Amino acid sequence: MSRVPSLFAYVQSYFTQYLPKQRGASVHTIRAYRDALTMLFKFVAEQRGQGIASLQIGDIDADAVTRFLDHIEAQRSNSAATRNCRRAAIRSFFKHLLRNDLAHSQQFVRVLAIPAKKARQRPATYLEVEDARLIIGMPDQRTFDGWRDRALLLFLYNCGARVSEATGLRWDDLQLAAPRQVRLRGKGRKERLLPLWTETANALHRLRGMSDAASGQCVFLNRHGQPLTRDGVAYILSKHAAAAARDNPVLRRKRITPHVLRHSCAVALLQSGTDVTVIRDYLGHTSVATTGRYITTNLQMKQEAMEAFWKKAGIEPANAKAWKPKANLLAFLQSL
(Lines give C-alpha, C1' and ligand atoms only; values in the text may rest on other atoms or scores of the structure.)
Protein backbone atom coordinates (compact mmCIF):
# COMPACT_ATOMS: atom_id res chain seq x y z
CA MET A 1 0.00 0.00 0.00
CA SER A 2 1.20 3.51 -0.78
CA ARG A 3 2.01 5.64 2.22
CA VAL A 4 -0.51 8.44 2.91
CA PRO A 5 1.21 11.87 2.94
CA SER A 6 1.40 13.57 6.31
CA LEU A 7 -0.30 16.84 7.20
CA PHE A 8 3.08 18.55 6.92
CA ALA A 9 3.54 17.25 3.36
CA TYR A 10 0.22 18.76 2.31
CA VAL A 11 1.01 22.06 4.03
CA GLN A 12 4.37 22.16 2.30
CA SER A 13 2.92 21.46 -1.17
CA TYR A 14 0.17 24.03 -0.56
CA PHE A 15 2.58 26.86 0.24
CA THR A 16 5.43 25.99 -2.13
CA GLN A 17 3.52 24.67 -5.15
CA TYR A 18 -0.18 25.48 -5.21
CA LEU A 19 -0.38 29.06 -3.90
CA PRO A 20 2.63 30.61 -5.67
CA LYS A 21 2.83 28.51 -8.83
CA GLN A 22 -0.70 27.36 -9.64
CA ARG A 23 -2.80 30.11 -8.15
CA GLY A 24 -0.22 32.89 -8.56
CA ALA A 25 -0.91 34.28 -5.08
CA SER A 26 0.95 37.37 -3.92
CA VAL A 27 3.47 37.34 -1.07
CA HIS A 28 0.93 39.15 1.12
CA THR A 29 -1.77 36.53 0.46
CA ILE A 30 0.65 33.71 1.25
CA ARG A 31 1.63 35.35 4.54
CA ALA A 32 -2.01 35.94 5.52
CA TYR A 33 -2.90 32.30 4.81
CA ARG A 34 0.22 31.14 6.66
CA ASP A 35 -0.82 33.09 9.77
CA ALA A 36 -4.37 31.71 9.68
CA LEU A 37 -3.25 28.09 9.41
CA THR A 38 -0.55 28.57 12.05
CA MET A 39 -3.19 29.79 14.52
CA LEU A 40 -5.49 26.90 13.60
CA PHE A 41 -2.79 24.25 14.10
CA LYS A 42 -1.71 25.76 17.44
CA PHE A 43 -5.31 25.87 18.64
CA VAL A 44 -6.09 22.26 17.67
CA ALA A 45 -2.82 20.99 19.17
CA GLU A 46 -3.53 22.80 22.45
CA GLN A 47 -7.10 21.49 22.54
CA ARG A 48 -5.85 17.93 22.04
CA GLY A 49 -2.96 18.32 24.49
CA GLN A 50 -0.27 17.40 22.00
CA GLY A 51 2.44 19.03 19.93
CA ILE A 52 1.82 20.48 16.48
CA ALA A 53 4.30 18.02 14.95
CA SER A 54 2.09 15.08 15.96
CA LEU A 55 -1.11 16.46 14.41
CA GLN A 56 -2.76 14.26 11.80
CA ILE A 57 -5.17 15.22 9.04
CA GLY A 58 -8.03 13.54 10.89
CA ASP A 59 -7.49 15.82 13.90
CA ILE A 60 -8.61 18.90 11.97
CA ASP A 61 -12.27 18.24 11.33
CA ALA A 62 -15.30 20.53 11.01
CA ASP A 63 -15.89 20.63 14.78
CA ALA A 64 -12.30 21.67 15.44
CA VAL A 65 -12.41 24.39 12.78
CA THR A 66 -15.74 25.72 14.10
CA ARG A 67 -14.36 25.87 17.65
CA PHE A 68 -11.30 27.71 16.34
CA LEU A 69 -13.41 30.30 14.50
CA ASP A 70 -15.55 30.83 17.61
CA HIS A 71 -12.36 31.12 19.70
CA ILE A 72 -10.74 33.87 17.65
CA GLU A 73 -13.96 35.87 17.72
CA ALA A 74 -14.71 35.43 21.44
CA GLN A 75 -11.21 35.24 22.95
CA ARG A 76 -9.10 37.24 20.49
CA SER A 77 -11.82 39.87 19.87
CA ASN A 78 -11.64 39.36 16.11
CA SER A 79 -14.48 40.95 14.15
CA ALA A 80 -16.86 38.88 12.05
CA ALA A 81 -15.05 40.17 8.96
CA THR A 82 -11.70 38.95 10.30
CA ARG A 83 -13.26 35.62 11.22
CA ASN A 84 -14.47 35.28 7.63
CA CYS A 85 -10.98 36.07 6.32
CA ARG A 86 -9.51 33.28 8.48
CA ARG A 87 -12.25 30.97 7.26
CA ALA A 88 -11.39 31.82 3.64
CA ALA A 89 -7.76 30.86 4.22
CA ILE A 90 -8.78 27.56 5.84
CA ARG A 91 -11.21 26.81 3.00
CA SER A 92 -8.47 27.37 0.43
CA PHE A 93 -6.24 24.86 2.21
CA PHE A 94 -9.03 22.28 2.53
CA LYS A 95 -9.83 22.59 -1.18
CA HIS A 96 -6.18 21.70 -1.77
CA LEU A 97 -6.58 18.70 0.53
CA LEU A 98 -9.75 17.62 -1.28
CA ARG A 99 -7.93 17.62 -4.61
CA ASN A 100 -5.12 15.45 -3.25
CA ASP A 101 -6.65 13.14 -0.64
CA LEU A 102 -9.96 11.56 -1.63
CA ALA A 103 -9.79 9.14 1.31
CA HIS A 104 -10.75 11.97 3.69
CA SER A 105 -13.10 13.75 1.26
CA GLN A 106 -16.14 13.63 3.56
CA GLN A 107 -14.17 15.28 6.35
CA PHE A 108 -12.97 18.02 3.98
CA VAL A 109 -16.44 18.61 2.53
CA ARG A 110 -17.86 19.15 6.03
CA VAL A 111 -15.18 21.77 6.73
CA LEU A 112 -15.93 23.50 3.41
CA ALA A 113 -19.63 23.58 4.35
CA ILE A 114 -18.99 25.78 7.42
CA PRO A 115 -20.87 29.00 6.58
CA ALA A 116 -19.47 32.49 6.69
CA LYS A 117 -20.73 34.73 9.45
CA LYS A 118 -22.80 37.71 8.42
CA ALA A 119 -20.67 40.80 8.91
CA ARG A 120 -21.64 44.44 8.83
CA GLN A 121 -19.89 46.05 5.89
CA ARG A 122 -18.48 49.41 6.81
CA PRO A 123 -18.65 52.17 4.22
CA ALA A 124 -15.35 52.71 2.43
CA THR A 125 -13.43 55.78 3.56
CA TYR A 126 -12.54 58.11 0.71
CA LEU A 127 -11.46 61.68 0.02
CA GLU A 128 -13.32 64.22 -2.03
CA VAL A 129 -11.37 65.49 -5.03
CA GLU A 130 -10.50 68.79 -3.32
CA ASP A 131 -9.04 67.02 -0.27
CA ALA A 132 -7.04 64.56 -2.39
CA ARG A 133 -5.56 67.43 -4.40
CA LEU A 134 -4.77 69.30 -1.19
CA ILE A 135 -2.71 66.36 0.13
CA ILE A 136 -0.97 65.85 -3.21
CA GLY A 137 0.08 69.50 -3.17
CA MET A 138 1.73 69.29 0.27
CA PRO A 139 5.22 67.85 -0.57
CA ASP A 140 8.10 70.35 -0.93
CA GLN A 141 8.84 70.23 -4.65
CA ARG A 142 12.25 71.85 -4.18
CA THR A 143 13.76 68.64 -2.76
CA PHE A 144 14.20 65.18 -4.23
CA ASP A 145 12.20 63.52 -1.44
CA GLY A 146 9.42 66.05 -1.87
CA TRP A 147 9.23 65.49 -5.62
CA ARG A 148 9.26 61.71 -5.12
CA ASP A 149 6.40 62.06 -2.65
CA ARG A 150 4.38 64.20 -5.05
CA ALA A 151 4.93 61.74 -7.92
CA LEU A 152 3.97 58.83 -5.64
CA LEU A 153 0.75 60.45 -4.40
CA LEU A 154 -0.22 61.49 -7.93
CA PHE A 155 0.40 57.95 -9.16
CA LEU A 156 -1.65 56.30 -6.39
CA TYR A 157 -4.59 58.64 -6.98
CA ASN A 158 -4.37 58.59 -10.79
CA CYS A 159 -4.30 54.78 -11.04
CA GLY A 160 -6.15 53.71 -7.92
CA ALA A 161 -3.11 51.49 -7.45
CA ARG A 162 -2.63 49.07 -4.59
CA VAL A 163 0.43 49.69 -2.43
CA SER A 164 2.10 46.53 -3.73
CA GLU A 165 1.58 47.74 -7.30
CA ALA A 166 3.24 51.07 -6.51
CA THR A 167 6.19 49.64 -4.58
CA GLY A 168 6.82 47.07 -7.31
CA LEU A 169 6.55 49.56 -10.18
CA ARG A 170 9.61 49.64 -12.46
CA TRP A 171 10.67 52.24 -14.97
CA ASP A 172 10.19 49.88 -17.89
CA ASP A 173 6.52 49.51 -16.85
CA LEU A 174 5.99 53.17 -17.77
CA GLN A 175 5.47 54.96 -21.05
CA LEU A 176 5.81 58.65 -20.25
CA ALA A 177 5.46 59.96 -23.82
CA ALA A 178 2.07 59.99 -25.56
CA PRO A 179 0.12 57.79 -25.22
CA ARG A 180 1.08 58.04 -21.54
CA GLN A 181 0.37 54.77 -19.77
CA VAL A 182 1.51 52.27 -17.17
CA ARG A 183 1.39 48.49 -16.89
CA LEU A 184 0.41 47.36 -13.40
CA ARG A 185 0.79 43.86 -11.98
CA GLY A 186 -1.99 43.18 -9.51
CA LYS A 187 -3.28 40.26 -7.50
CA GLY A 188 -2.78 36.84 -9.01
CA ARG A 189 -0.16 38.31 -11.35
CA LYS A 190 -2.93 39.88 -13.41
CA GLU A 191 -1.78 42.80 -15.54
CA ARG A 192 -3.75 45.86 -16.56
CA LEU A 193 -2.84 48.86 -18.70
CA LEU A 194 -3.91 52.28 -17.43
CA PRO A 195 -3.63 55.81 -18.85
CA LEU A 196 -1.62 58.44 -16.99
CA TRP A 197 -2.56 62.07 -16.55
CA THR A 198 -0.12 64.46 -18.17
CA GLU A 199 0.60 65.82 -14.69
CA THR A 200 1.47 62.34 -13.39
CA ALA A 201 3.65 61.51 -16.41
CA ASN A 202 5.52 64.83 -16.11
CA ALA A 203 6.13 64.27 -12.39
CA LEU A 204 7.49 60.77 -13.06
CA HIS A 205 9.62 62.03 -15.95
CA ARG A 206 11.22 64.66 -13.74
CA LEU A 207 11.71 62.12 -10.95
CA ARG A 208 13.57 59.85 -13.35
CA GLY A 209 15.83 62.69 -14.41
CA MET A 210 16.58 63.55 -10.78
CA SER A 211 17.41 59.96 -9.83
CA ASP A 212 19.24 58.85 -13.01
CA ALA A 213 17.52 55.48 -12.68
CA ALA A 214 18.03 52.35 -14.77
CA SER A 215 15.10 50.93 -16.75
CA GLY A 216 14.73 47.79 -14.62
CA GLN A 217 14.94 49.65 -11.32
CA CYS A 218 11.99 50.33 -9.06
CA VAL A 219 10.52 53.82 -9.44
CA PHE A 220 9.88 54.77 -5.83
CA LEU A 221 13.01 54.45 -3.68
CA ASN A 222 13.89 55.46 -0.13
CA ARG A 223 16.96 57.47 0.93
CA HIS A 224 19.08 54.32 0.86
CA GLY A 225 18.23 53.58 -2.76
CA GLN A 226 15.99 50.64 -1.81
CA PRO A 227 12.37 50.23 -2.96
CA LEU A 228 9.85 51.87 -0.68
CA THR A 229 8.06 49.44 1.61
CA ARG A 230 4.37 49.32 2.43
CA ASP A 231 5.11 51.08 5.73
CA GLY A 232 7.22 53.67 3.93
CA VAL A 233 4.36 54.59 1.59
CA ALA A 234 1.93 54.77 4.52
CA TYR A 235 4.32 57.07 6.40
CA ILE A 236 4.71 59.43 3.43
CA LEU A 237 0.95 59.71 2.98
CA SER A 238 0.21 60.20 6.68
CA LYS A 239 2.87 62.92 6.92
CA HIS A 240 1.38 64.96 4.09
CA ALA A 241 -2.20 64.26 5.21
CA ALA A 242 -1.31 65.69 8.63
CA ALA A 243 0.11 68.79 6.93
CA ALA A 244 -3.05 69.15 4.83
CA ALA A 245 -5.19 68.88 7.97
CA ARG A 246 -3.86 72.26 9.09
CA ASP A 247 -5.73 73.80 6.16
CA ASN A 248 -8.72 71.47 6.38
CA PRO A 249 -9.28 70.24 9.98
CA VAL A 250 -11.92 67.76 8.77
CA LEU A 251 -9.05 65.53 7.57
CA ARG A 252 -7.98 64.99 11.19
CA ARG A 253 -11.08 62.85 11.73
CA LYS A 254 -10.18 60.47 8.91
CA ARG A 255 -7.66 57.65 9.00
CA ILE A 256 -5.99 58.22 5.64
CA THR A 257 -4.11 55.17 4.35
CA PRO A 258 -2.80 54.39 0.85
CA HIS A 259 -5.92 52.29 0.25
CA VAL A 260 -8.04 55.38 0.93
CA LEU A 261 -6.51 56.95 -2.18
CA ARG A 262 -7.59 53.85 -4.11
CA HIS A 263 -11.13 54.29 -2.76
CA SER A 264 -10.97 57.99 -3.62
CA CYS A 265 -10.01 57.19 -7.21
CA ALA A 266 -12.98 54.81 -7.50
CA VAL A 267 -15.46 57.32 -6.10
CA ALA A 268 -14.14 60.12 -8.33
CA LEU A 269 -14.61 57.87 -11.36
CA LEU A 270 -18.18 57.11 -10.25
CA GLN A 271 -18.94 60.78 -9.74
CA SER A 272 -17.67 61.52 -13.24
CA GLY A 273 -20.29 59.13 -14.66
CA THR A 274 -17.92 56.29 -15.54
CA ASP A 275 -19.66 52.92 -15.93
CA VAL A 276 -19.09 50.56 -13.01
CA THR A 277 -17.76 47.79 -15.30
CA VAL A 278 -15.07 50.16 -16.60
CA ILE A 279 -14.13 51.05 -13.02
CA ARG A 280 -13.90 47.33 -12.21
CA ASP A 281 -11.29 46.88 -14.94
CA TYR A 282 -9.56 50.15 -14.00
CA LEU A 283 -9.07 48.99 -10.41
CA GLY A 284 -8.40 45.34 -11.29
CA HIS A 285 -11.36 43.93 -9.37
CA THR A 286 -12.34 40.35 -10.11
CA SER A 287 -16.06 40.99 -9.58
CA VAL A 288 -18.21 44.01 -10.32
CA ALA A 289 -19.85 43.39 -6.92
CA THR A 290 -16.63 44.59 -5.26
CA THR A 291 -16.71 47.78 -7.31
CA GLY A 292 -20.38 48.30 -6.52
CA ARG A 293 -19.44 48.87 -2.89
CA TYR A 294 -18.37 52.41 -3.78
CA ILE A 295 -21.86 53.23 -5.06
CA THR A 296 -23.31 52.54 -1.60
CA THR A 297 -20.56 54.68 -0.08
CA ASN A 298 -21.12 57.88 -2.02
CA LEU A 299 -23.77 60.10 -0.42
CA GLN A 300 -23.55 62.73 -3.15
CA MET A 301 -24.62 60.24 -5.82
CA LYS A 302 -27.55 59.16 -3.65
CA GLN A 303 -28.58 62.79 -3.17
CA GLU A 304 -28.45 63.46 -6.91
CA ALA A 305 -30.41 60.27 -7.64
CA MET A 306 -33.07 61.28 -5.11
CA GLU A 307 -33.41 64.78 -6.57
CA ALA A 308 -33.65 63.39 -10.12
CA PHE A 309 -36.33 60.92 -9.01
CA TRP A 310 -38.25 63.63 -7.15
CA LYS A 311 -38.24 65.84 -10.24
CA LYS A 312 -39.15 62.96 -12.58
CA ALA A 313 -42.02 61.86 -10.37
CA GLY A 314 -43.48 65.38 -10.51
CA ILE A 315 -44.11 65.45 -6.78
CA GLU A 316 -42.86 68.99 -6.22
CA PRO A 317 -45.50 71.61 -7.19
CA ALA A 318 -44.48 73.94 -10.00
CA ASN A 319 -45.14 77.11 -7.98
CA ALA A 320 -44.37 75.86 -4.53
CA LYS A 321 -43.98 78.59 -1.96
CA ALA A 322 -41.35 78.31 0.71
CA TRP A 323 -42.82 77.69 4.14
CA LYS A 324 -42.43 80.51 6.65
CA PRO A 325 -43.07 80.08 10.36
CA LYS A 326 -45.65 82.37 11.93
CA ALA A 327 -44.50 84.98 14.38
CA ASN A 328 -46.35 83.43 17.33
CA LEU A 329 -44.60 80.11 16.70
CA LEU A 330 -41.19 81.79 16.81
CA ALA A 331 -42.21 83.66 19.94
CA PHE A 332 -43.21 80.36 21.58
CA LEU A 333 -39.96 78.67 20.67
CA GLN A 334 -37.92 81.62 21.94
CA SER A 335 -39.76 81.49 25.24
CA LEU A 336 -38.64 77.91 25.94
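Select alanine 64: its relative accessibility is 3%, so it counts as buried (buried means under 20% relative accessible area, exposed over 50%, partly exposed in between, with a 1.4 Å probe and protein chains only). Before moving on, note that this is a predicted model, in which local features need pLDDT of at least 70, side-chain atom pairs count only at pLDDT 80 or more, and totals for chains, interfaces and linings use all residues. Residues are numbered from 1 along each chain as its sequence is written, and side-chain values use heavy atoms, with hydrogens and water left out.

**Stop 1: around alanine 64.** Helices (H or I, at least four residues) and strands (E, at least two) are DSSP runs, numbered from the N terminus. Which residues does alanine 64 touch, not counting those up to four places away in sequence? Show Phe43, Val44 and Asp59; a contact means heavy atoms within 4.5 Å. Phenylalanine 43 is 21 residues away from alanine 64 in sequence, with 8.8 Å from C-alpha to C-alpha.

**Stop 2: helix α5.** Now select residues 105–112 and pick out the buried ones: Ser105, Gln107, Phe108, Val111 and Leu112. They lie on the same side of α5, because they cover an arc of only 160° around the axis (the arc of the directions from the helix axis to the C-beta atoms). Turn to the other side of α5 to find Gln106 and Arg110 exposed. What do the buried residues of α5 pack against? Their partners are α3 and α4 (80–100).

**Stop 3: the cores.** A nonpolar core is a set of buried Ala, Val, Leu, Ile, Met, Phe, Trp, Tyr and Cys residues joined through side-chain atoms within 4.5 Å. The largest has 49 residues, and Ile135, Phe155, Leu174, Val182, Leu204 and Phe220 have the most contacts inside it. Helix α7 gives the most to this core, with 9 residues. Apart from this core lies another, of 35 residues, including Phe43 and Phe108.

**Stop 4: the paired strands.** Click on valine 182, whose contacts beyond four places in sequence include Phe155, Leu174 and Leu194. Next, show β2 and β3, antiparallel strands joined by 5 bridges; strands pair if DSSP finds at least two bridges between them. Arginine 185 stands opposite glutamate 191 in β3. Finish with the two faces of β3 (residues 191–195): Arg192 and Leu194 form the covered one, while Glu191, Leu193 and Pro195 form the uncovered one. In a regular strand, side chains alternate between the two faces of the sheet.
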